[in-house]
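Please open the model in your viewer and keep a selection panel at hand.

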Amino acid sequence: MGAIAARVARIERERAKVIARRARFGRSRAIEPGRLLTLVPRVSPQLQEPEHLEPVANEIERALDETVEVCISVPPRHGKTTLLVHAIVWLLLRDPTCTILYASYAHGFAAKQVRKAMRLAVKAGIALGDVRRRDEWTTAAGGGVKACGVGGQITGEGFRVVFVDDPHKNRAEAESRRIRERVIDGFREDIYTRQDPRGTSVFVVHTRWHENDLIGELTRAQASNDDVEAVPPFKLLNLTAISGAANDGAYGLRALAPKLFTLDRLQRLRARVGEYGWWSLYMGSPRPRSGAVFGDPNLVDELESTGTFRYAIGVDIARTARTRSDHNAAVVLRLNVETGTIDVVEALREQGVLADRRDVEREGAIDPGFARRLHALVGRYPGARVVMYTGRTEDQLLELLASHADYPVYIDAWPATTEKFERAQGWAGAYNDPRGRVRIPRKAMWASKFIAEHSAFTGNKGDPDDQVDAAAAAFDALRQSDGLEVLTPSSGARRDAADAGVASRARRRARGFFAG
């Protein structure tokens, strides 16, 4: 009994300390709000003043004095949500009676940010009211904050300030017309209608995903008719990850927040995410899928023969081994380990079957199949990784190649979980790098067709895309780097001697492949 009593007494003492601490915060004098940007490090000392978000802060600071309706596009991981959470505190320091709605793609995410704002409000000396729920809290003066998910039910009075932060969860949802329309309808019917008689300022802040996402819808000019006057669009504030332009070969480019993401890091991100993702996520200018993906090529007179390289070969095989109408393709890329440049060393694209076939019309002459040429191509680059993105019906084709009696080729099968358009984005980012990261020899016999296919590529089904998908596979293999042998250019004699070794390894791999 004595131990239990001591434990109860200890709990009561801790409870009394918590109550006293809350009371002390409640009686403390609120700090002066000052400017929004300067408030951030004052209530969160671990953070620096987000100078790159000054245009956003300027718009928020107008919210209590006038009605503001603005859409704000900010690149990922640039602190927009952190600023909005501190903006809630700043607004309540200026006017403790202010009512604020914070909406996001999911109620749970919105509630998490509202809880953060409550902790910061206590640190700033704002006296809290009686309501302190996980998704809603009030001030002693009658103001407060409420969280909701876009499309969720909202009850209660109107709001002086509305923040809609990331209404689209990800690209998959933003590119779904049904989900996009649900988000837009949820904003119009459930959020925008929660107006306060004194006026309501609305801030829609998110990374762009699609030309018809919520920002795209709200900033588009509306047509008028005889009965209803056209509604003016929201103001658009677009903060691009990189600004500036190239002049006379010298790059006058600037990063939005170099303390967070340097220009070099952003350029690497561009190569990783591809042009489609780059222009929407980081530049706030989504492009339709039907637009061109690859820009002008970087042509060089010849590729150097010395250096340390990693090689990869991407393959795209026609879906059936028996038709002559579809194309087979293979692309050889090499990465210069020292400079980071990527060279298109060789490209092969042709119609025909996989295995050799006797041509009856030519008195039994051998019509060589793609397997023979692919085997020779792989033999010229010993140690290169050979990869292909495969669909459901294509594994059998790789088995056929691996077990070929005379010209075996073992190809690593990568299941295709996305469409060719998405798979091409990383390769397109490197191809379009303004620093000329990808180089194509202008005098190569295959260069013109290789470039023409890339220039015409839009991702639409039916367009030529064999070499694009093969190059994307080779590029992804180079990016992985693990398991890729570092090669130096071999002499012809060494490559000829290695040809038999490639065939022998392929046969051994084929036996292991079938055994598995």
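Select aspartate 166, which counts as buried at 17% relative accessibility (buried means under 20% relative accessible area, exposed over 50%, partly exposed in between, with a 1.4 Å probe and protein chains only). Aspartate 166 lies in the loop between strand 6 and helix 6, and its phi is near 55°, a positive value in a residue other than glycine. Helices (H or I, at least four residues) and strands (E, at least two) are DSSP runs, numbered from the N terminus.

This is a predicted model, in which local features need pLDDT of at least 70 and side-chain atom pairs count only at pLDDT 80 or more, while totals for chains, interfaces and linings use all residues. Residues are numbered from 1 along each chain as its sequence is written, and side-chain values use heavy atoms, with hydrogens and water left out.

Next, select residues 177-191, which form helix 7. Colour its buried residues, Ile179, Arg180, Val183, Ile184, Gly186, Phe187 and Ile191; they cover an arc of only 155° around the axis (taken from the directions from the helix axis to the C-beta atoms), which puts them on the same side of helix 7. The face turned away from that buried side carries the exposed residues Arg177, Arg178, Arg182 and Glu189. To see what covers the buried residues, show strand 2 (99-104), strand 6 (161-165), helix 6 (171-174), strand 7 (201-205) and helix 8 (214-218), which are included in that cover (contact means heavy atoms within 4.5 Å).

Finally, select arginine 77, in the loop between strand 1 (69-73) and helix 4 (80-94). Arginine 77 has a positive phi of about 60° although it is not a glycine, and it is exposed, with a relative accessible area of 72%.

Notes:
The expected span of a helix is 1.5 Å times one less than its number of residues.
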